[in-house]
Amino acid sequence: MQFDLLHMQYLGLLQERDKRAKWHGIPTLLQRLYESSHPNSDLSNVLSSQLSMEAMSFVTEDRKTAQESTFPNTYTFDLFGGVDLLVEILMRPTLTMQKNKNNMNDDLVKECLSVLYNCCICTEGVTKSLAARDDFVLFLFTLMTNKKTFLQTATLIEDILGVKKEMIQLEGIPNLSGLVQSFDQQQLANFCRILSVTISEPDVGNDDKHTLLAKNAQQKRIASPSRAEVNQVTLLNIPGFIERLCKLATRKVSEATGANFLQELEDWYTWLDNALVLDALMQMATEEAEQSSTESSDESSLATSPLRHRLPQSMKIVHEIMYKVEVLYVLCVLLMGRQRNQVHKMLAEFRLIPGLNNLFDKLIWRKYTATNHVVHGQNENCDCSPEISFKIQFLRLLQSFSDHHENKYLLLNSQELNELSAISMKANIPEVEALVNTDRSLVCDGKKGLLTRLLTVMKREPPDSSFRFWQARAVESFLRGATSYADQMFLLKRGLLEHILFCIIDSGCTSRDVLQSYFDLLGELMKFNIDAFKRFNKYVNTPEKFQTFMTQINSSLVDSNMLVRCIVLSLDRFESQTEDVKVVEVLSECCLLSYMAKVENRLSFLFRLINIINVQTLTQENVSCLNTSLVILMLARRKAKLPFYLNALREKEYAEKYPGFLLNNFHNLLRFWQRHYLNKDKDSTCLENSSCIPFSYWKETVSVLLCSDRTSLCAIASYIDEPFMDLYRDLLED
C-alpha cells in the first residue's frame, strides 16, 4: 500500500517536471513500458512515431550536426534509459519463446529497431555505445533470419558497424553460413552493404595518399592476416556464396520480379539516404517520357502511358542498380585479396564476365543515359548518383579482374581470341600461354566482347569526364604484366592510340587524374612496339603538336613518368635491333624516339625525377618516379655509362650551388628501396614484368650505387665531397 502511494507520488512529480522541461511524456511512457514490456505492448509504437518525426527532420535538413540542431525527444529518450531498455527488451529470451507467437511480436521488434535507429542518427553517442556491446551486435545478426524484421535490422547493423572501433569477426556470428543461405536475393544484396564494412581494409580509399613509410610501419604493427582478410576467407567458405553474388550481379531487371512489389518498395525506400537517388529516378522517368514523345507524336498513345505508369519500371531499374553496386563492390574487394586466385576461378566458372557483357548496353552503359557527369576525383566512396556509382564500381571490377591475371582474356569473345591468334601468327611470334589456355566456353558471347564494348563508350566520353579515368585504368590493366605484342595490336587496330593522343593533345582535357591514367595507358600500349611509335609519329605530325605533348608530360612527372619509362626502355631495345629495316626507319623518323635519344634530355628527366621525391614523401602513387630513375641508370650501367650519369648529377648540384642535394637524397631513396622491395612479402614480379629487366639486376644495381667504397666509379658516395656528405643519417624512422 505504501509502495503504491510512493509510486503515485513519483509519477505525479515526473508528470509535473515533464510539463516544465517539455519532455513530451517520454519518461512516463518509458516507465510504463518498463513495467509492462511484453510482446503485445503498443507503447513502443507511440514512442516510435514521436522519434521517427525527428529522424525524418534530421535526414531532410541535410544531416545537420549535433551542434547545429537539437532533437529533444531522442535526447530525452536516451537520457532516461530508453536505449538500454529497448536493447534489454530485444534480447529478452521471452520475445522468441512465446507459445502463441503472433505478428505483434514482429511489430514490436520492428518498432524497437526503428526507435534505436532514429536515436542513432539523431543523438550523438548512441551509435558508439551500441557498437561497444559486442553481444548486442552479434545478437542483431540473429534477427536477420526473420524476413519481416530484416530491413530494420540490416539498417541498424550497418549504422553500428560504421562507427565500431574494431572490425567485427564474421566467424563469431552464430550459424553465419545458414543465415546467408536463408537469404533471398534481395536480402543478400542488402547484406552486401554490411559485408563491405567487414572485408575492406581501413582507409583503402586513400591508399595512394599514405606515405610508404607510414604504411610499412603499420604493416609491422598489424597482425597478419588482418581481420578483413580472415572475414574474406570466412565468406568464401560459405557454400554457394560467390555463385549467388554472380547471379545477382548479372541478372536482368526483368528477372528481378520475384518479391512482392510493396515489399520491394519498402526495401527500396531504406536506400533513400540522400536526394540524389530520387533525382536520378525522376530524371530517368523524364528521359523515358522524352524518348517516347520523339518516337511517337500520337497524343493518345502518350495519354495511355502517363509518367506514373512508367515510374515503377524506373524505380525497379534504380533498385537493381543499387543492388549491383553493393555486390560488385564485395566481388571487387575479394578479387584484390589474398584469395585472389580462388575468387578468379569461381568468377570464371560462374560466368560473371559474359553476364556483365550481356548487360552492358541495356543497363550498365545505356545509350540514352547522359554521360557528362564529372565524378568527384577518383574516390570510389564519393556521394554519387546510383548510375554513376554503378559505372565506377563496374570499371573497378574490370580493372581488378584483368590486372596481372591470365583470366583477362575472358573479356573477349571467340572471334576476338581468334584475332589475337592471327596477329601472333602474322608476326611470327608464339601465342601467349594464357591465351592458349583460355577456356572458350567461359568467354563473352555476342558480336563484341566486354573490352571492345568498353573501348566504344570510352571514345564517346566528354574530355573531362572522370569516367575516362576509370575506363583508362580498366583497359590499362588488360595490358599490364608481361608485354604482349598481340594484345597491343588488338587495341591499336581499334584506334586506341589516336584516341589517347587526341585527349592529351587536342581535347583540352585539364584533369590531372584523367591525364595520368592516359599517360599510363599510352605507356603500356606503346612499350617495345615499333608499330605504335610509327602510329604516334603519324598523329603527332607537326612541331606544335609535339611541343603540346611534351608540355603535358613535363607539367607533372609524377603523372607521366611511367610513359617516360616506356619510351626509355623501348628506345634501348630498338637500338639493339638495327638489323630490322622497319626499326631503323622509325628510329630515324619518330620525333619522340629522337627526343629521348639525346642524352641531355634523359639527364633532364633523371634530375627532376630524383628531385621531386624524398623518403618522407614517398607514396604508392609517386614511388614510380624512383623506379623510373633507376631504369634510366640500369640501362646506362648496361652500356658502362653509369659514371657519366652520376658525374652529371654532381655537376648539376654545383651548377645549382647546392652540392649534395641530389645525390644525398637519391642515396637515401635507394636505402629505402632496399628495405621496401627486398621485404619477403613484396612481390617483385611487377617491376620485372614492366621493364623486362630481371629483378636480380635491379637489386645488383642498387647495391652497386650504395657501395661505401669511395674509389668505385659506380658508387654514389664517390661523387659527394666530404663536407656535403649526409648519407647515413637515419631517415627511415617513423
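A residue is taken as buried when its relative accessible area is under 20%, as exposed when that area is over 50%, and as partly exposed in between. In the predicted model described here, R133 has a relative accessible area of 32% and is therefore partly exposed. R133 is joined by a salt bridge to D135, with 3.3 Å between the closest N and O atoms, and D135, at 41% relative accessibility, is likewise counted as partly exposed.

This pair belongs to a total of 28 salt bridges in the structure. Side chains of opposite charge can pair when their charged atoms come close. A further example is found in helix α14, which spans residues 241-250 and holds both K247 and E243. The side chains of K247 and E243 meet in a salt bridge with an N to O distance of 3.9 Å, and the two residues stand 4 places apart, about one turn of the helix. An α-helix has 3.6 residues a turn, so residues three or four places apart point the same way. Both partners are partly exposed, K247 at 48% relative accessibility and E243 at 31%.

A salt bridge of another kind of placement is formed by E575 and K639, whose closest N and O atoms are 3.0 Å apart. This pair links distant parts of the chain, for E575 lies in the loop between α31 (557-574) and α32 (581-589), whereas K639 lies in the loop between α35 (623-638) and α36 (642-655), and 64 residues separate them. With relative accessible areas of 36% for E575 and 43% for K639, the two residues are partly exposed. Through shared partners, salt bridges join D572, E575, R638 and K639 into one network.

The structure contains 0 disulfides. For C590, which takes part in no disulfide, the nearest cysteine sulfur is that of C591, at 5.2 Å. C590 is counted as buried because its relative accessibility is 1%, and C192, with a relative accessible area of 0%, is buried too.

Attention may next be given to the interior. Helix α27, residues 496-506, is largely enclosed by the rest of the structure, because 8 of its 11 residues are buried. The residues concerned are L496, L497, H499, I500, L501, C503, I504 and I505. Their cover includes α24 (450-460), α25 (467-479), α26 (485-492), α28 (512-526), α29 (530-539) and α30 (543-555). After α27 comes G508, a residue with a positive phi near 80°.

The largest nonpolar core comprises 207 residues, among which F136, F141, M144, F394, L491, F549 and L592 touch the most other members. Helix α18 (residues 307-335) supplies the largest share of this core, namely 13 residues. For F394, when neighbours within four places in sequence are set aside, the contacts are with L328, L356, F360, I364, W365 and L450.

Once residues up to four places away in sequence are excluded, K527 touches T483, Q488, C566, S570 and S690. Although K527 and S691 are 164 residues apart along the chain, their C-alpha atoms are separated by 9.2 Å.

Technical notes: Residues are numbered from 1 along each chain as its sequence is written. This is a predicted model: local features need pLDDT of at least 70, side-chain atom pairs count only at pLDDT 80 or more; totals for chains, interfaces and linings use all residues. Side-chain values use heavy atoms; hydrogens and water are left out. A salt bridge is a side-chain nitrogen of Lys or Arg within 4 Å of a carboxyl oxygen of Asp or Glu. Buried means under 20% relative accessible area, exposed over 50%, partly exposed in between (1.4 Å probe, protein chains only). A disulfide is a pair of cysteine sulfur atoms within 2.5 Å. Contact means heavy atoms within 4.5 Å. A nonpolar core is a set of buried Ala, Val, Leu, Ile, Met, Phe, Trp, Tyr and Cys residues joined through side-chain atoms within 4.5 Å.
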